[in-house]
Amino acid sequence: AQTVGRNADGVLTVGQITATRLADEFGTPAYILDEADFRARARAWRTAFGADADVFYAGKAFLSRAVVRWLHEEGLNLDVCSGGELATALSAGMPAERIAFHGNNKSVQEITRAIEAGVGRIVLDSFQEIVRVAHIAQSLGKRQKVQIRITVGVEAHTHEFIATAHEDQKFGIPLAGGQAAEAVRRALQLDGLELTGIHSHIGSQIFDMSGFEVAAHRVVGLLKDIRDEHGVELPEIDLGGGLGIAYTSDDDPREPHEIAKALSEIVSRECDAARLRTPRISVEPGRAIVGPTAFTLYEVGTVKPLDGLRTYVSVDGGMSDNIRTALYDAEYSVALVSRTSDAEPMLARVVGKHCESGDIVVKDAFLPADLAPGDLIAVPATGAYCRSMASNYNHVLRPPVVAVRDGEARVIVRRETEEDLLRLDVG
Ligand code: LLP
């Protein structure tokens, strides 16, 4: 995060507040989110894309009512993918027309609620859903703006992409075999739908723009086919999210203005070649906005050296507050933040308190050899997909999210209590 530093005693500070004070006041583990950094990143995306494009923050990365208000104030739109995310967005005052509703199996209730609320866009993901949404819209006497999500045959991986002829995954309607063209044909015929554009999301934690280039080429190809067949030029194209962030110093992310420039150049070039009016572009970054803005603050509980192997450092959280290491083999860094140390570095593995040997937060890290119970350590870049994927495994309570700004810290999602846990237990 941008406003992170160290004070004269070597204690980590964020927004001028020390990590030790945060731990005293809010307990550990806790996600500490730098609000100024969040707003700056949101604004950088908004500014980079300008008035001719829209930025939809992907709420799945992390959503709370405070975040919705920040996004609203910074001029961003919001992508939600469940009734729960939609409810959070609406309850915090995000105007419905700035919300896009995603998902490969939205329920009838979710669709009804979204249409009734007046969401700006529903992204259709299957043939059944085209009919389902059209039917619900019509029964409510509405014409719903929709996009169709297609799979373009580009599979994005962390640092590369593999172009595949056939997509083998649950999202979207394949471009291959004329399926996407058929979906467009059907959507254009239904009175309940106003088809405004085509959507493509190629993956996550991407650094290489060439996957987007292939995707844009293929989406524009479809727009051209639609124009040739139906005589309509769809006015929108959404290229999804997926831009990578730095989890460790090996990662080298692109700035929003570089991404905006690259994407708009690709789309205009492809449209010029196809003699199409350039559609309005939208993107859906989640991780790239919130990921770097938070770190998780843990207290060390035990330090267990295993001769000739490594030292296991157990913290007071684990896979319940960060499943990404166990699930994706994700890499994180870690630092001692409650003091400085001149001790030699030792090879450490930061593990949680769960009853599972795969409960690892940071697989390989160097920490000072004098690390001891009571020390505070911080794992950076945990703003995205950590709190939002947190669980109660072993009935561990989910940590709070504390927003820090201008020397003030406030809880935006409170720590779970045993009462919260027991509230759902009937009997
Ligand atoms: N748009 C769509 C349609 C998506 O499916 C996603 C992510 C995004 C936007 C935002 O992607 P981002 O910019 O945040 O990469 N739990 C995984 C990530 C799953 C992403 C799913 N879809 C993780 O922790 O890495």
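## Paired strands around S22

Two strands are said to pair if DSSP finds at least two bridges between them. In this predicted model, strand S22 (residues 401-405) has such partners: with strand S4 (residues 30-34), S22 pairs in the parallel sense over 4 bridges, while with strand S23 (residues 408-413) the pairing is antiparallel and runs over 5 bridges. As a general point, the strands of a sheet pair through backbone hydrogen bonds, either parallel or antiparallel.

Because 4 of the 5 residues of S22 are buried, the strand is largely enclosed by the rest of the structure.

## A sheet of three strands

The chain also contains an open sheet of 3 strands, in the order S1-S2-S3, whose pairing is antiparallel. Its edge strands are S1 (4-6) and S3 (17-18), each of which pairs on one side only. Between S1 and strand S2 (residues 12-14) there are 3 bridges in the antiparallel sense, and here Val-4 stands opposite Val-14 in S2.

The domain assignment divides the chain into domain 1, made of 4-33 + 292-423, and domain 2, made of 36-290. The C-alpha centres of the two domains lie 33 Å apart, and where the domains meet, 19 residues of domain 1 are in contact with 17 residues of domain 2.

On the side of domain 1 that touches domain 2, the elements that give two or more residues are S22 and S23, and the largest share, 3 residues, comes from S22. By class, the residues of this side divide into 11 nonpolar, 5 polar and 3 charged.

## The surroundings of the ligand

The ligand is surrounded by 20 residues, of which the closest are Ala-58, Gly-241, Gly-286, Arg-287 and Tyr-385. The elements that give two or more residues to this shell are H10 and helix H11 (324-328), and by class the shell has 8 nonpolar, 7 polar and 5 charged residues. Both domain 1 and domain 2 give residues to the shell, so the ligand lies between them.

Under "binding site", an unreviewed UniProt entry lists Gly-242, Glu-284, Pro-285, Gly-286, Arg-287 and Tyr-385. Gly-286 is found in the loop between strand S15 (280-283) and helix H10 (287-290), whereas Arg-287 lies in helix H10.

Are these two residues buried or exposed? A residue counts as buried if 20 or more other C-beta atoms lie within 10 Å of its own. Gly-286 is therefore buried, with 24 other C-beta atoms within 10 Å, and Arg-287 likewise counts as buried, with 24 C-beta neighbours inside 10 Å. Which residues do they touch, once neighbours within four places in sequence are left aside? Gly-286 is in contact with Tyr-57, Ala-58, Lys-60, Ala-61, Gly-241 and Ala-384. The contacts of Arg-287 are Ala-61, Ser-204, Gln-205, Ile-245, Ala-384 and Tyr-385.

Conventions
Residues are numbered from 1 along each chain as its sequence is written. This is a predicted model: local features need pLDDT of at least 70, side-chain atom pairs count only at pLDDT 80 or more; totals for chains, interfaces and linings use all residues. UniProt positions are given in the numbering used here, feature names are shortened, and annotations may be inferred rather than shown by experiment. A residue is buried if 20 or more other C-beta atoms lie within 10 Å of its own, exposed if 12 or fewer, and partly exposed in between; C-beta atoms are placed from the backbone. Two residues are in contact if their C-beta atoms, placed from the backbone, lie within 7 Å. A residue is near a molecule or strand if its C-beta atom, placed from the backbone, lies within 6 Å of it. Ala, Val, Leu, Ile, Met, Phe, Trp, Tyr, Cys and Pro count as nonpolar, Asp, Glu, Lys and Arg as charged, and the others, Gly among them, as polar. Domain bounds come from an automatic or database domain assignment.
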